[in-house]
Amino acid sequence: MPISKAPHEPIAIAFSGSGGSGAVTAGSILLAAAARAGHYGLMMRSAGPQIRGGESAALVRFGPRPIGCIGDRFDLLVGLDWGNHGRFRDEIPLGADSLILADPAAGPVPEPIVAEGVEIRQVPFLDLAGSVADGHMNMVGVGAAGALAGLPLDALVAAAGTALAGKGEAVVSAAQACIRLGHQIQDDAPPSRVGHGCGRWDLSGNEAAGLGALRGGVRFVAAYPITPASEMLEWLAPRLERLGGALLQAEDELASINMIIGSSFGGVPSLTATSGPGLSLMMEGVGLAIASETPVVVVNVQRGGPSTGIPTKSEQADLDLALYGCHGDAPHLVLAALGIADCVLTTAWAVRLAEHLQTAAIVLSDQAIGQSRAIIDPSPPFESPLRRIIPNGPEPDYQRYALTASGISPMRIPGCPGPSYTADGLEHDAAATPSSLAADHHCQLAKRHDKLARFDYGAHWAEIDGGGPGDAGSDAVGPSLCLICWGSAHGAVGEAAERLRDRGLAVKVVALRLIAPLQRDALRAAIGAALPLVIEQNASGQLFGWLRAEGALDGDAQSIARPGPLPLRPGEIVADVLAKTQL
Amino acid sequence: MADTATPPAGRAEPPPTLKAKDYKSKVKPIWCPGCGHFGVLSALTKALAYLQIGKEAHAIISGIGCSSRLPAYIDSFGFHGLHGRALPVATGLKAARPDLTVLVVGGDGDGFSIGGNHFLHACRRNMDMTYIVMDNEVYGMTKGQASPTTQPTWSHSKLTPHGTGVRRFQPAAIALAAGASFIARGFSGDPNRLTQLLVQAIGHPGFAFVHVLSPCQTFRPEQKAWKQQVHPCQLEPTTDAAHAAALIQRDDGMATGLLYAERLPVNQPRNEPDTTIAEIEAELLP
């Protein structure tokens, strides 16, 4: 039987296998084929820490509308083999209506899968692949999955041709032959599921954040490798070079953050990307950027923590570090990308904010965003008037840290003829001379605070979607709810909100893109009379704590927080919301 | 670099002749009377004047410590950053702004202890900059603790009352092993010779390391004797690393002059755009 789904419903397909079985390649090709067939899509990767060997899984979900999360259950699991499948059990939830494709040669389907009451269909992947010279069973799996999901054969074949082009003609032909064999398993092929999109982008969150950096104007990046941020740096390296910029590999994260402070001091918008442990190492440098008013952007692709934690898996647990990690009173910007597509806008905006406000911006992404791929509509062009204010004239009375109404002091950069200055991480007076006078400290602290507090951030501070108090439609029942979230939780929260609305509840979603400085009044206005529930993927409710501390929430607000590494699922959010509200 | 905040066009020509005193800023040094660093400041302004490097055409980067206060005392662009991190700041600046002459200054604790890793990698990276370390074998700003270059038996610090018992860091030998392309040693008590070394170092294409013996009158008064102990390097400077290694290893640490200089490939990003963001975005289509 093909997968039975209404045409508007997304389909979720998982490939799993031992390392080297090609599960991730299979998922990538299926995703690209879905894109060619006009669908939106999302692919998450799950892998152990092994470089070679181990096990891996590709989790794909596609459909006619943008896909924000991987969903609750998989409609189809292609088990290339069952080695180490136990490690994926939690990450590939199945149900009674799930279909399993299993190769008899791989031995029996593991008992926990059978116990779900799934339908199992035996497909001799290995034998079929063996009938093609240099054939691989993962490509038979692509063909079979594509057929069951209603993807046209030509889209699958073409996607494999593009994905494997670098491996030579023989590999491509063998893969395409295997796909054709796999595709034949479904005799009564369902009508092809074809969406309507074209010209969409296929990219990962790390790549999207890289693009946002370029759009924002970043032309210097310092890089120290760390999982799961390295791909962003690797994507940027050749592209910065082509744009006349540069990427330097640093000796450590202490060097990375200080290198971008140096390049930014030189007038070039600058960025580094890292993950939790790297951000911990960089925090002293972030403080220097804040105190010396040197614009920098740090993208933190979060992973499970603390310490080395779970490097290959996701968690939203570095918000406290990003907010509170600096010593001293160190106001700065903290932003969160609300999904793969949003990495473009959030990173570009962060660059421009940091440049204009002459401060440090920390952009929080995470593994679930950074290392997942999506088919998305191209990001609209980024237009922003925000720029670093660089004076041109000789200005004999120039003072680097002059007290101004906005708190922003024009920043001369080396090479400007006329007055110069020594930027300083020591407290200083308006002329940048080190000073320990109380008056200078108070004035400069206030200046660095006020320039962020007084700035008008416009509408980008949050994404607010529908159904809230006042615009909920007259048929909504029960109290109004406001689901507040940040980062990668947005996709699952959005889908949960739809289901809650289907139950007749009035539900609004506020996804915070700008977390610090918190736009408290705007947030309170968005919440209105609704009951706020703060949903996030960490154990301690870090956003909830911040919103409480900032006075954005009243006493009845609720926290729904649980740690990673499993992604938040819409079904569990619905259940948690109903339980918390006793609806 | 393209598409970025670039320095305003129309850079003024420097005045016809800048004198050493023209490079001095109005900020009064916090250094103790008799501090060796005054001699380094003097030599550096003389070297800048000799080379007629425009005030806006160079930048002086430092970390934290007594000697790291120097950038504010020169009328040019400077960055007084974090303890130990001057070299990364300078590296980023030079990568982004190859047009600038980049000078880095600091002390032995800043450069060889907390910043030791950056020192190794800056030597390896061979970007075009000059690193001047004012070595007084003590942490002065924190009131007299042993540094990496302090003798292991020096027991005048409350922190290490029996001495550190740890062998001394060998700046010149380590710079050579790490791949520095220019290594010299100077003495702050001989500013004229030091000026000559700094002129050579700034003119050297690549990473130039100048180790300056710069006495601390307050915590190491015995260093007054350095005036008698320093001596010119007995041998001609060499471009042969193996020869330089032998020279540096045999040396008593008080030999001044150019120890090693070799032309090695200079690391500098090319900064020439040949595409647009629109072209990069076009590549995102599946």
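## Close-up views of a predicted two-chain model

**View 1. Surroundings of Q537(A) in the predicted model.** Leaving aside residues up to four places away in sequence, Q537(A) touches E315(A), Q316(A), A489(A), R562(A), P563(A), G564(A) and L568(A). The model shown here and in the views that follow is a predicted one. Q537(A) lies in the loop between β20 (531-536) and α17 (542-549) of chain A. Because 27 C-beta neighbours fall inside 10 Å, Q537(A) counts as buried. L568(A), one of the residues that Q537(A) touches, is 31 residues apart from Q537(A) in sequence, while the two C-alpha atoms are 6.9 Å apart in space.

View 2. Strand β1 (residues 11-18) of chain A pairs with β3(A) in the antiparallel sense over 8 bridges, and F15(A) has A58(A) as its bridge partner in β3(A). Strand β2 (residues 40-47) of chain A likewise pairs with β3(A) in the antiparallel sense over 8 bridges, with A57(A) of β3(A) as the bridge partner of S46(A).

**View 3. Packing of helices α1(A) and α4(A).** Helix α1 (residues 23-36) and helix α4 (residues 137-148), both of chain A, pack at an angle of about 35°, and their axes are 9 Å apart. Their crossing is right-handed. From α1(A) the contact is made by A23(A), T25(A), A26(A), I29(A), L30(A) and A33(A), and from α4(A) by N138(A), G141(A), V142(A), A145(A) and G146(A). By class, the residues of this contact comprise 7 nonpolar and 4 polar ones, with no charged residue.

**View 4. Packing of helices α9(A) and α10(A).** Helix α9(A) packs against helix α10 (residues 276-292) of chain A at an angle of about 30°, with the axes 8 Å apart. That angle makes α9(A) roughly parallel to α10(A), and α9(A) passes α10(A) in a right-handed crossing. On the α9(A) side, E253(A), L254(A), S256(A), I257(A), N258(A) and I261(A) meet G278(A), L281(A), M282(A), G285(A), V286(A), L288(A) and A289(A) of α10(A). The residues of this contact divide into 8 nonpolar, 4 polar and 1 charged.

View 5. An open sheet of 9 strands, with mixed pairing, runs in the order β15(A)-β2(B)-β1(B)-β3(B)-β4(B)-β6(B)-β5(B)-β8(B)-β7(B). Its edge strands, each pairing on one side only, are β15 of chain A and β7 (231-232) of chain B. Strand β15 (residues 422-424) of chain A runs parallel to strand β2 (residues 77-80) of chain B, and 3 bridges join them; T422(A) has G78(B) as its bridge partner in β2(B). Within chain B, strand β1 (residues 58-62) and strand β3 (residues 101-107) run parallel and are joined by 5 bridges, with H58(B) standing opposite T101(B) in β3(B).

Notes:
Residues are numbered from 1 along each chain as its sequence is written. Chains are lettered from A and ligands numbered from 1 in the order in which they are written. This is a predicted model: local features need pLDDT of at least 70, side-chain atom pairs count only at pLDDT 80 or more; totals for chains, interfaces and linings use all residues. Two strands pair if DSSP finds at least two bridges between them. Helices (H or I, at least four residues) and strands (E, at least two) are DSSP runs, numbered from the N terminus. Axes are lines fitted to C-alpha atoms, for helices over the stretch in contact, and angles run from 0 to 180 degrees between N-to-C directions. A crossing is left-handed if the near helix is turned anticlockwise from the far one by less than a right angle, and right-handed if clockwise. Two residues are in contact if their C-beta atoms, placed from the backbone, lie within 7 Å. Ala, Val, Leu, Ile, Met, Phe, Trp, Tyr, Cys and Pro count as nonpolar, Asp, Glu, Lys and Arg as charged, and the others, Gly among them, as polar. Angles under 35 degrees count as roughly parallel, over 145 as roughly antiparallel, 65 to 115 as roughly perpendicular and the rest as oblique. A residue is buried if 20 or more other C-beta atoms lie within 10 Å of its own, exposed if 12 or fewer, and partly exposed in between; C-beta atoms are placed from the backbone.
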